[in-house]
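Hi,

Here is the structure I promised to pass on.

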Amino acid sequence: MIDINESVMQFLLAFVVVGPLLGAVTALLPAPPGLKGKSPEQAVLRHGVTVTGVILIAAIVLALGFDHDHPSKMQATTDISWIPALDVRIHLGIDGISLPLLVLTALLTFLCALYSYFKMPSGPTPKAFVALLLVLESGTLATFAVLDLLLFFLAFETVLIPMYFLIARWGGADRQAAAWRFILYTLLGSVVMLLGLLLIGIKAGTFDMVALATDNGRSLTASVQVIAVLAIGTGLAVKTPMWPLHSWLPDAHTAAPTVGSVLLAGVLLKMGTYGFVRILLPIAPEGFRDFAPYLAALAVVGIIYGSLACLALAKQGAKGDLKRLIAYSSVGHMGFVLLGIATMTPTGVNGALFANIAHGLITGLLFFLVGALKDRTGTTDLDTLAEETGAALYGKAPRLGGLLAFAAVASLGLPGLAGFWGEMLALFGAFKPADDLSRPAFLTFMAIGAFGTLLTAAYMLVVVRRVCMGAVPQDAPRLADVHTYEFAAWTPLVALTVVAGLWPKALLGLTDPAVQQLLAGGNR
Amino acid sequence: MSTLAAMAQPLASSAQPLTATAANLVQSVDWLAIAPPTVVAVVGLVVLVADLFVGEQRKALLGWVSVAGLAAAALLLLPLLDGDRSTFCLTGDDAVCSYTADRFTLVIQFLVLGGALLAALLSVTALKDADKRLPEGEYWFLLLSSAAGAALLPASRDLATLIVALEVASLPAFALVGIRPGDRKSSEAALKFFLSSVTATAVSLMGISFVYASTGTLYLTQVADRIQHVDGQLHTLAQTGVVLTLVGFAFKTAAVPFHFWVPDTYVGAPLPIAAYLSVVGKAVGFSGLILITVVALPSYADVWGPALAALAALTMTVGNVGALRQQATRAYSAVRLLAWSSVGQAGYLLVPIAAAAYSDDAERSVGSTVAYALMYAAVNLGAFAVAALVGRTRTANRITDYRGLYATNPFAALLLAFFLLCLAGLPPGIIGLFAKVTVFSAAVDAGLGWLAVVMAVNVVIALFYYLQWTTLLFRAPEGEPAAHRVPAPVTAALVLTGVLGLALSGAPQLVLRFTDTGLF
């Protein structure tokens, strides 16, 4: 949109990745004179807001300077040798696929930092909290920006320790067990993924993602591709998460602090699906083709399973936890993303990428809202909240209730909001999958997936009815309605949900050329 | 040390037909090449003699002389960097030598001398704290002799020198483990260590004699050559010899099932000695294994390859499960955990050696072991340094004693967290991660997929106990934390290992380049 010098773009991208790390180190140091603020706690939380804010601005400038006429071209690329012995290069770059995720990450982290500035989760010192948050941001941004397989693995692993500590130290009940389950599951997955990445790198002679994508799997034999896809796919599927490897997710979400849940759902899960699109589709297409029907089958099982789990949790007397419910709904939504990828068509993959972003926005908002609800009522247990008639949020805190209802209908995929396009395109892709995939199978998956959208609508409406509606007792204490800082943190998400819903081309225009090229192989 | 090597020389050459005439029996010795182990040995003797003449107040001087000697020996590696040197060669055949200072030798010597130096720094404080209950002169003499043997070992290129070096490295170590007078646990550990080690050496000597019987030479390169043309009748003998020889070195690396001495020995020994054994002892074992397998017996790869692969899988699994089972509240559980984890790490070290049997480029695979060992040495010694620091105030050294270390000593706590995460192989311990990646890559490259998967599971198991310990550091401390001053030598050791770990994390190429270049 605006013309920015290439070397400035390079610097911006490198800064976006390294900046949070520097910020994390400085967060641990004592504040310099003049920036001490009211108290050390306030100073360090403000530091977090400043750093993430600067990173967000850099990411937005990057998006503005991005050549929107050629989104399939890798831009702002840096390529320098780091470890020649392992052939690891610091190769950074963004295209239409990674740019939206990069901006989403920067945005969500900034909003989380802003939210924590006013509402710090209870736990040990904010110093460590801010440092961990920034390391987490660096790891996720790096995942979307690097173009070297081993560097991707490094970035993938970087998020584990900060997330572990965020859950284990600032989380709610059962946080230790949940944090352990999170880190052990995902580490096992990523170590297996490493084996696959090494196999590809050794057999193809390079770890460079661009070179490998251009090669389009021609220098890898069919058996190598199958093994590599199995190994890498397992690692990514744990992260995504795909049914039946999802069982770490509900616990982690339930125990994590609000900010942790937002980032976990909004950003960390995307690392898995991004890996599918960026690594498996172009680099090992033959191997992926063999597994695509199974992936699609597991994806639709995930859709149905997630929805049924949510329905069960939403039922009266089930002692369902709202956070756990949203976590299960994530399993369902990510099922749509996986289904879209498994179709191996531009339509499906575009849908998957769209759903990725939409899920990040909407589920991020939902977790924020539930967190706010918990702060006000002290519980996220649906039965305690709703009692007999319903929590009557519309009556007690109308704005909060309205926002919750908005997020819920966005999540169920109401046309005109962000949630709709991704799932529709994913189903559309399944209607006509890639040529050498079995069409009848995918038609079945499509039908089941479409049924899943109905179930999603069902449980979301039940939640809205039980939480937002109901009779307000005369003596009921009014809940504090949405605070200014909450408005500040949530408005961008609401606005983007609407924009993406009404003007999907803004996003699809970016991803589509890149996806076309990725599926066709060819050079960039 | 040169005397030992020279003694081994006639032993080795006597195997040759006596072609040498009296005129060229006198060998010219390349003193520069053998300087690093020699200097250490000489300083050791000097310290032992000086102990008799130095007054009680000045005993600390002995420690600093030893530290300086080790540092000087490490510096003497620098002039050797320009190219391969050999000495004690066979008269008439310059290609067959007993002592070679090639790249492999220099790297391992650097590791050994550096490791001994750090252990010595920790010892200075430990001896001061022991307040004359440990005999200083003997302590330093034993430590330096052991280091001299360990430095000689990677350079030796005949089986006799190899065994002599192995024994020079081990015998003083037994004495060091049992050096605490009147401490039952210490002497029990020493006895355990001694008996099992001697048995292993005896077995390995028998193996060497079998190999010698079937090939008629002790020089590694000649063994490699001749063992391919062994008489059919002697084939079984040669094979038995190969396996038995390996047993002795597997013991030194603490590979399963020769690992049972490790936890008790580490707990019984003074802490700096445990640190020394965990790094230098291992270096001795695996460099001997590399020399025997890759240099002497490449044609028997089908025998030692699967054996080492199985050994590696067993070792890492048993070590990590052992570490996992440690109870944090038990006395000395921190040292015990480090001991078990060092067994697990030994398993990772063996993986590339096993992979060398299957790979086209054995040197590349072995380079992964060397790179991993360098990383491991730096961070494991760092972890021991923090353990030594904590052990000063909390003598039981339980893992629970580390609770809230961040509150009392943030610097040490952050470093220990970093070291543990390096050992676990997770960012921010980037060097640990990439060292593991090279080991994985060696296994995948060699087609040892199953071993890579076993290792993957082990990495996850290991993460559990490393991270558990790490979290404890940042918990709120129980009771009133007592701040205490960190003694200078321990600070020096901490800073050295910390700077090394961080520098390597920024530029992993520094150690990983050994996976890319020829070592021999």
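Before the first helix pair, a word on angles: each axis is a line fitted to C-alpha atoms, for helices over the stretch in contact, and the angle between N-to-C directions runs from 0 to 180 degrees. Also, please keep in mind that this is a predicted model.

Let's start in chain B. Helix H16 (residues 410–424) and helix H17 (residues 430–445) of chain B have axes 7 Å apart and pack at an angle of about 15 degrees. Angles under 35 degrees count as roughly parallel, so H16(B) and H17(B) are roughly parallel to each other. The crossing of H16(B) past H17(B) is right-handed. On the H16(B) side you'll find B:Cys422, B:Leu423 and B:Ala424, which meet B:Ile431, B:Gly432 and B:Lys436 of H17(B). Sorted by class, the residues of this contact are four nonpolar, one polar and one charged.

The axes of helix H11 (residues 258–283) of chain A and H14(A) cross at roughly 170 degrees and come within 7 Å, which means H11(A) is roughly antiparallel to H14(A). Residues in this contact include A:Ala265, A:Gly266 and A:Leu269 from H11(A), and A:His359, A:Gly360 and A:Phe368 from H14(A). The class count for H11(A) with H14(A) is nine nonpolar, 10 polar and one charged.

H14(A) turns up again around helix H18 (residues 418–431) of chain A: the buried residues of H18(A) pack against several helices of chain A, among them H14 (346–377), H13 (322–342) and H19 (439–468). Those buried residues include A:Gly419, A:Glu423, A:Leu425 and A:Leu427.

Now for the core. The largest nonpolar core has 404 residues, and A:Phe182, A:Trp490 and B:Trp469 are among those with the most contacts inside it. Helix H14 (residues 362–393) of chain B gives the largest share of this core, 20 residues. What does A:Trp490 touch, leaving aside residues up to four places away in sequence? Its partners include A:Tyr115, A:Leu365, A:Phe368, A:Leu400 and A:Val482.

With a relative accessible area of 57%, B:Gly232 is exposed, because exposed means over 50%. From B:Gly232 to B:Arg133 there are 99 residues in sequence and 59 Å in space, C-alpha to C-alpha.

Cheers

Terms used: Residues numbered from 1 in each chain as written. Chains lettered and ligands numbered in written order. Predicted model: local features only at pLDDT ≥ 70, side-chain atom pairs only at ≥ 80, totals over all residues. Heavy atoms only, no water. Core = buried A, V, L, I, M, F, W, Y, C linked by side-chain atoms within 4.5 Å. Buried < 20%, exposed > 50% of the residue type's maximum accessible area, 1.4 Å probe, protein only. Helix = DSSP H or I, 4+ residues; strand = E, 2+ residues; numbered from the N terminus. Contact = heavy atoms within 4.5 Å. Parallel < 35°, antiparallel > 145°, perpendicular 65-115°, else oblique. Left-handed = near helix turned anticlockwise from the far one by under 90°. Nonpolar A, V, L, I, M, F, W, Y, C, P; charged D, E, K, R; others polar.
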